[in-house]
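Come along as I page through what I looked up.

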Amino acid sequence: MEILKTVKEVQKFVQTQKELGKTVGFVPTMGALHEGHLSLIRQSRAACTITVCSIFVNPTQFDDPADLEKYPRPVERDINMLESEDCDALFLPSVEEVYPESLDAGETYDFGFIDKPMEGAHRTGHFDGVAQVVNRLLEIVQPTHLFMGQKDYQQFKIIDRLIELTKRPTQLVMCAIVREEDGLAMSSRNVRLNPDARAKAVTISQTLRQVKAGFGHKSIVELKKWGFEQLERVDGMSVDYFEIVDADTLKNIDEATESQQVIACAAVRVGGIRLIDNILLKVN
Ligand code: AMP
């Protein structure tokens, strides 16, 4: 695997591949890799000739400096995992390489409503940082395909819109959520859960699954209330939000129409760690 640390190096690598007619799949990550990330690498390898992964803990998307500081960075381990997956290249830039001028958001985008609710309401400036870094990484790497996880569903919708707004010729692919055996969605933050918090965290995916089982039998209003209460009543757990929304507009709904896709999304804090998860309730 090529380890490329500068913009020049990665651009030369990708350009050469594209001139040979190869498709280039790109998997941006913040490292501390787990099976969820590896599933993205595998999907990219299955769909594209060349796969480039990036590891960059983007400072501009953290609203909490302590969270940024504590974000795990096991780089050697990550490199070994990517090598085992036969990833072709790792882009491992410094902050200065990604943001040579300043960390200011620079260009901001009009996402309409989709960056307002849920994560947008609870993490000020988070999506401006996400859009800034993904736009910058796409500008640098210029992949033919971009692989992102449903785990960060709202982020996925925002990047979809970003690609549309910036008219980039990149195909965005959504990858399913990879879970631990007990159902907890894999996350780089899971390693920071103490045993008590880890045991409690399983209620997030359990609740989402139960809400899905109740969908169509109970009203959306009832399910939303039930889901919120179910999580909130776990000792030491606090719910940032539990929403059931239109999966396309992310607007709150009380009832679903025939053609609507519906998703339940949750963010909770447990043992000082913030976890998110979601489940599609209705797909067309
Ligand atoms: P992160 O390193 O957390 O920024 O995540 C990098 C990419 O991996 C994003 O597109 C995430 O949505 C995706 N991802 C994170 N966790 C999972 C998971 N459990 N299953 C599938 N994809 C994931």
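My entries below go from helices to the ligand and then to single residues.

**Ground rules**

I am working with a predicted model, where local features need pLDDT of at least 70, side-chain atom pairs count only at pLDDT 80 or more, and totals for chains, interfaces and linings use all residues. Residues are numbered from 1 along each chain as its sequence is written, and side-chain values use heavy atoms, with hydrogens and water left out.

**Entry: helix 1**

I began with helix 1, residues 7-19. Helices here are DSSP runs of H or I with at least four residues, strands are runs of E with at least two, and both are numbered from the N terminus. I checked the length: at 1.5 Å a residue, its 13 residues should span 18 Å, and the end C-alpha atoms are 18 Å apart, which agrees. The expected span is 1.5 Å times one less than the number of residues.

Which residues of helix 1 are buried? I noted Val7, Val10, Phe13, Val14 and Gln17. They sit on the same side of helix 1, because they cover an arc of only 140 degrees around the axis. That arc is taken from the directions from the helix axis to the C-beta atoms. I reminded myself of the general rule: an α-helix has 3.6 residues a turn, so residues three or four places apart point the same way.

For burial I use these cut-offs: buried is under 20% relative accessible area, exposed is over 50%, and partly exposed is in between, with a 1.4 Å probe and protein chains only. On the face turned away from the buried side of helix 1, I found the exposed residues Lys8, Lys12 and Glu19.

Next I asked what covers the buried residues of helix 1. The cover includes strand 1 (2-4), strand 2 (24-29), strand 3 (50-55) and strand 4 (89-91), along with helix 5 (95-98) and helix 7 (126-141). After helix 1 comes Gly21, with a positive phi near 85 degrees.

**Entry: the ligand**

Which residues come nearest to the ligand? Of the 16 residues around it, they are Met30, His37, Asp152, Val178 and Met186. A residue counts as near if one of its heavy atoms lies within 4 Å.

Then I listed polar contacts, meaning pairs of N or O atoms within 3.5 Å; within protein, one must be able to donate a hydrogen and the other to accept it, and residues adjacent in sequence count only if both atoms are side-chain atoms. Asp152 has a polar side-chain atom 2.7 Å from an oxygen atom of the ligand. For His37, an N or O atom of the side chain is 2.9 Å from a ligand oxygen atom. Gly149 takes part through a polar backbone atom, 2.9 Å from an oxygen atom of the ligand. Alone, the ligand exposes 480 Å², and the protein buries 92% of that. Areas come from the Shrake-Rupley method with a 1.4 Å probe; for residues, only the protein chains shown count as cover.

**Entry: helix 9**

Helix 9 covers residues 195-214. Its 20 residues should span 28 Å at 1.5 Å a residue, and I read 30 Å between the end C-alpha atoms, which agrees. Its buried residues include Ala197, Ile204, Leu208 and Val211. The buried residues of helix 9 pack against helix 10 (220-232), strand 7 (237-246), strand 8 (262-270) and strand 9 (273-282). Gly216 follows helix 9, and its phi is positive, near 95 degrees.

Gln206 belongs to helix 9 too, and at 34% relative accessibility I count it as partly exposed.

**Entry: the loop between helix 7 and strand 5**

I looked up Thr144, which lies in the loop between helix 7 and strand 5 (145-149). Is Thr144 buried or exposed? It is buried, at 19% relative accessible area. Its side chain reaches the backbone nitrogen of Val24 at 2.8 Å. Leaving aside neighbours within four places in sequence, its contacts (heavy atoms within 4.5 Å) include Lys18, Val24 and Pro169.

Gln142 is in that loop as well. Its phi is positive, about 50 degrees, although it is not a glycine, and it is partly exposed at 39%.

**Entry: two last residues**

Met118, in the loop between helix 5 and helix 6 (119-122), has a positive phi near 50 degrees. It counts as buried at 4% relative accessibility.

Val239 is in strand 7 and is buried, at 11%. I found it touching Phe228, Leu231, Glu232, Ala267 and Val268, not counting residues up to four places away in sequence.
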